[in-house]
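Keep the viewer open as you read.

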Amino acid sequence: MSQQSVTRRSALGLLGAGAAASPLLGGAVAAAAPVSPVTGTGSTPVQGLHLQFGKDPARQMVASWITDAAVRRPRVTYGTLDGGFGAVAQAETRTYVDGTSGRTVWVHHAALDRLHPGTDYIYAVSHDGATPDAGTFRTAPAGRAPFTFTSFGDQSAPQVTWAANGSVGLDANSTPATKDIVTGIETVGPLFHLLNGDLCYANLDVDRVRTWNNFFTNNTRSARFRPWMPAAGNHEIERANGPIGLAAYQTYFRLPSTETDPELAGLWYSFTVGSVHVIVLQNDDNCLQDGGDVYINGYSGGRQLAWLERELRAARSSRDVDWVVVAMHQVMISSSDANGADLGLREKYGPLFDRYGVDLVLCGHEHDYERSLAVRGVVSGSETLTPNPVSSRTDVIDTTHGTVHMILGGGGVSGTTNQSFFKDGTAKVITAVTPNSSGGKRTSVYVKEEAVWSAVRDLEHPYGFAAFTVDPGRHPGDTTSMYVTYYNVNKPSGELSVFERFTLRRRRSDG
């Protein structure tokens, strides 16, 4: 650990000084490095700075960044605003070779450890010859405390790219909301953000590497200040990128996974903040729908499902955990004539969510906003395993009686589906897929059902996100509340407005 000390004024200056920070952090090393004829600074620059929680969010953080070439001594210098930069963490480097372009991508991950709970930190990432880039973050509280987190899915990236013929092209999935929603997240200023799959849709683009870079360039405006914790969706499955197409995703993020198989590492994971235990799933393993570049249903051989049950059992047996939140991509409820709900998820996840009393399930996949009533079990005799509503209340909901599902697929992507909601009180469910004789995607087989579980839908606005503020209560056995606000990100200027507010409640587990 370095003993170099920097004043609070100097630390704050680093955040706004840009290139002026170079002498402060390794300037002598940079001067000794050979000057690059390409950049003139001696090294490829820092790009796409973003944060992720470590396994213990109160004491661990990971800072990550991308480079276009190999670098020397990637590292993070960090400390508190009052104490200055007092520690250095060396980064590990992960690479992948994009299967379409043959380009190598380098991503550097530095684990910052032995942090103090509920504390503000300043940090700067660098490597030899590069101008540092910097940010701040706050660690999670230790034990029960109030905090706010946010969530959406299906973002895309605001970009112009080169078309296959060399002309300038637009990514068909991009909209201005892709950028505006990041500003919205920063307006709320959560402790962390959950990104529920279909991050940037690189698998659909001519230049997948450029799309990922544009995604991180857009989101670093928020992700350098608070962890963005992702779930991999079907559009993270990229042909020829790893054994199951998820190598790019696994390279760009270092997530608190306990999985020991490198092929599966980082695809599902969990973490606890305050009294909230968050479980993140990768649903292409268990859903029926064929939505990626390759069909990977069943890829873990039941490993993810077994892990999920262990996580749920441990969370519900802990007197320190009140809330269990699951973040994933594909959905178990939807009344839009788009992808539809998936019977595979209902069959595999439904009994576990019921048995262990999951409070909240956050999804994307459908490009709209919808939430369910509290549900537990299935409607008797239903071939689609229709979730059974246990209450008709939509304002204050006791989640000890049932799980609330939320579709938050308005993260910015084009092709919105809020105009496709069924108007007759029905929904559709994928019950099977049939192979395509030409080798294309498997076709979904649908069965209609009565959407008795549907509570609230936003038919008018396509884009938005949800914020969740946790009130842990004061004493053992108190009622703890989660106050939920769904914000619209409005066209054309991106201003926020409140679509709805509601409250989730349950008894604390330490009573």
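Start at Arg355, which is exposed, with a relative accessible area of 52%. For the record, buried means under 20% relative accessible area, exposed means over 50%, and partly exposed is in between, using a 1.4 Å probe and protein chains only. Before going further, note that this is a predicted model, where local features need pLDDT of at least 70 and side-chain atom pairs count only at pLDDT 80 or more, while totals for chains, interfaces and linings use all residues. Residues are numbered from 1 along each chain as its sequence is written, and side-chain values use heavy atoms, with hydrogens and water left out.

What does Arg355 form with Glu309? The two make a salt bridge, with the closest N and O atoms 2.9 Å apart. Here a salt bridge is a side-chain nitrogen of Lys or Arg within 4 Å of a carboxyl oxygen of Asp or Glu. The pair links distant parts of the chain, since Glu309 sits in helix H6 and Arg355 in helix H8 (residues 350–355), 46 residues apart. Helices (H or I, at least four residues) and strands (E, at least two) are DSSP runs, numbered from the N terminus.

Take Arg144 and Asp322, whose closest N and O atoms are 2.8 Å apart in a salt bridge. Arg144 is in the loop between strand S8 (133–138) and S9, and Asp322 is in the loop between helix H6 (303–317) and strand S16 (323–327), so this pair ties together parts that are 178 residues apart in sequence. Arg144 is partly exposed at 24% relative accessibility, whereas Asp322 is buried, with a relative accessible area of 1%. The pair also belongs to a network of salt bridges that links Arg144, Asp322, Arg508 and Asp510. One more to click on is the salt bridge between the side chains of Asp207 and Arg210, at 3.4 Å from N to O. Asp207 is buried, with a relative accessible area of 17%, while Arg210 is partly exposed at 31%.

Now for the sheets. Strands of a sheet pair through backbone hydrogen bonds, either parallel or antiparallel. In this model, two strands count as paired if DSSP finds at least two bridges between them. An open sheet of seven strands runs in the order S13-S12-S9-S27-S28-S29-S22, and its pairing is mixed. At its edges are strand S13 (228–231) and strand S22 (396–398), each pairing on one side only. From one strand to the next, the twist averages 20°. Within this sheet, strand S9 (residues 147–152) and strand S27 (residues 464–471) run antiparallel and are joined by five bridges. Look for Thr148, which stands opposite Thr469 in S27.

Helix H3 (residues 177–188) packs on the sheet, touching S9, strand S12 (192–196), S13, S27, strand S28 (479–489) and strand S29 (496–507), and its direction makes about 15° with that of S27. Axes are lines fitted to C-alpha atoms, for helices over the stretch in contact, and angles run from 0 to 180 degrees between N-to-C directions. Thr175 is in the loop between strand S11 (168–170) and H3, and it is buried, with a relative accessible area of 14%. Setting aside neighbours within four places in sequence, Thr175 is in contact (heavy atoms within 4.5 Å) with Gly412, Val413, Ser414 and Tyr463.

Another open sheet has four strands in the order S4-S3-S7-S8, with antiparallel pairing. Its edge strands are strand S4 (84–90) and S8, each pairing on one side only, and the twist averages 25° from one strand to the next. Strand S3 (residues 75–80) pairs with S4 over six bridges, and Thr80 stands opposite Gly84 in S4.

Finally, the cysteines. Taking a disulfide as a pair of cysteine sulfur atoms within 2.5 Å, the count comes to zero. For Cys200, the nearest cysteine sulfur is that of Cys287, 19 Å away. Cys200 is buried at 0% relative accessibility.
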